[in-house]
Amino acid sequence: MTTPTPTPTPTNRTALALVRRVLAAPVRVRTYKSLLYLLLTFPLGVAYFVWLTTGTAVGLGLLVTVIGLPILIVTLSGAVAAAGIEARLARWLVGVDASVPAFLRAFDASEGLTLPGDGFIDAIRRLITAPATWIGVVLLVTKFVSGIVSVVAVTTAVAVTTALLAAPFVYDGSIPFAAGPPAGAGEYAIGSWTVSTLPEALAVAGVGVLFGVLALNALNAMAYAQAAFTKTLLEAS
């Protein structure tokens, strides 16, 4: 008598789908788009921070002259434009549908560039009073902080994964394709554990594979969280 094969329950199917998704992280294009998104956060965050601090300091310092206010207006305009760039990066690289700031959406480029509102002065007034402008400033400041966190997370994950995967090749102090062991080469150690045999080195490499898969999933989650935060902030405008 043949025993019927158990039908997977919805809970089991969900768990299996989750496991497959986790294991598939190294071969998904979205993973590497997320990594690019995280890596871009650092240089862009630095650029945003320099733009805001320099423009604000110079503009306030020259506010008693005729050029101080224009500098501040250009600085705010740049912040809004940068927030629009962040919205597009979140959409293109992470798949989070973040909308551009409302002030940018008010521009009409169908028949040449048309400023929002009734002329140049009204457009400046809208820029200064629009919540989207100041939310964009807050977004750029947070990007500076998240950029530092992102680059540390990515570089740490790559360094640890590479060190673990390299164990079978370097545990005995030699490096493949090299004329000989490098000067000062010693024992391969992980904490207090010294890897001295090939089976041990292969075990370490296996841990490296597992760590790498988990790290990619964690970095995917980090990229999604940052893009979702961008979307939430911009929607509040």
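User: Which helices each supply at least two residues of the nonpolar patch?
Analyst: In this predicted model, helix α2, residues 29–61, and helix α6, residues 131–165, each supply at least two residues of the nonpolar patch.

User: And where does the largest share come from?
Analyst: The largest share comes from α2, which contributes three residues to the nonpolar patch.

User: Which residues make the patch, and what area does it have?
Analyst: The patch is made by F42, V46, V50, I148 and V152, and its nonpolar surface comes to about 360 Å².

User: Take V152 for a moment: which helix is it in, and why does it count as partly exposed?
Analyst: V152 lies in helix α6, and it counts as partly exposed because its relative accessibility is 46%, a value that falls between the 20% limit for buried residues and the 50% limit for exposed ones.

User: Back to the two helices, how do α2 and α6 pack?
Analyst: The axes of α2 and α6 are 7 Å apart, and the two helices pack at an angle of about 135 degrees. That angle makes α2 oblique to α6, and α2 passes α6 in a left-handed crossing.

User: Is the crossing of α3 and α8 left-handed or right-handed?
Analyst: For α3 and α8, the crossing is left-handed.

Notes. Residues numbered from 1 in each chain as written. Predicted model: local features only at pLDDT ≥ 70, side-chain atom pairs only at ≥ 80, totals over all residues. Heavy atoms only, no water. Patch = residues over 30% accessible without salt bridge, like charges linked within 9 Å, V, L, I, M, F, W, Y side chains within 5 Å. Areas by Shrake-Rupley, 256 points an atom, 1.4 Å probe, with all protein chains shown as cover. Salt bridge = Lys/Arg side-chain N within 4 Å of Asp/Glu carboxyl O. Helix = DSSP H or I, 4+ residues; strand = E, 2+ residues; numbered from the N terminus. Buried < 20%, exposed > 50% of the residue type's maximum accessible area, 1.4 Å probe, protein only. Axes fitted to C-alpha atoms, helices over the stretch in contact; angles between N-to-C directions. Parallel < 35°, antiparallel > 145°, perpendicular 65-115°, else oblique. Left-handed = near helix turned anticlockwise from the far one by under 90°.
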